[in-house]
Amino acid sequence: MKPNGEDEEAPAGGPWEECFEAAVQLALRAGQIIRKALSEEKRVSTKTSAADLVTETDHLVEGLIISELQKRFPSHRPPFSLVRTC
């Protein structure tokens, strides 16, 4: 650690650069999954009511995001419950 309290290992773009890059990469991967699913038959279920729809693609993308964030940032505590809501 430097005398001014800055971590020498911090990325050049600041402490949030790695998080930002991870978010961008996950968004791109999720977009690919969603784009592919647009041309496929949908399997739809409901969450809490008949108007609260969720697709198999929703589950897939949610799982991807949660698992990749847990792998990449194991020490981070998410601000949301990891219990599936879909």
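How many residues in the lining of the second largest pocket are nonpolar, polar and charged? I began my notebook with this question, and the entries below lead to its answer.

**Entry 1, ground rules.** I am working with a predicted model, in which local features need pLDDT of at least 70 and side-chain atom pairs count only at pLDDT 80 or more, while totals for chains, interfaces and linings use all residues. Residues are numbered from 1 along each chain as its sequence is written, and side-chain values use heavy atoms, with hydrogens and water left out.

**Entry 2, the chain.** I looked up the elements and found two helices and two strands, in the order α-β-β-α along the sequence; helices (H or I, at least four residues) and strands (E, at least two) are DSSP runs, numbered from the N terminus. Of the 86 residues, 15% count as buried, where buried means under 20% relative accessible area, exposed over 50%, and partly exposed in between (1.4 Å probe, protein chains only).

A pocket is an open set of points on a 1 Å grid over the protein atoms alone, where a 1.4 Å probe fits, with protein on both sides within 12 Å along at least five of seven lines, and lining residues have an atom within 4 Å of a point. I noted I33, K36 and E56 among the lining residues, and both α1 (17-37) and α2 (56-72) supply at least two. My opening question is answered by three nonpolar, one polar and six charged residues, with Ala, Val, Leu, Ile, Met, Phe, Trp, Tyr, Cys and Pro counted as nonpolar, Asp, Glu, Lys and Arg as charged, and the others, Gly among them, as polar.

In α2 I found T57, V61, E62, L64 and I66 buried, and their cover includes α1 and β2 (53-55).

Not counting residues up to four places away in sequence, C19 touches F73 and H76, contact meaning heavy atoms within 4.5 Å. The C-alpha atoms of C19 and L69 are 9.2 Å apart, although 50 residues separate them along the chain.
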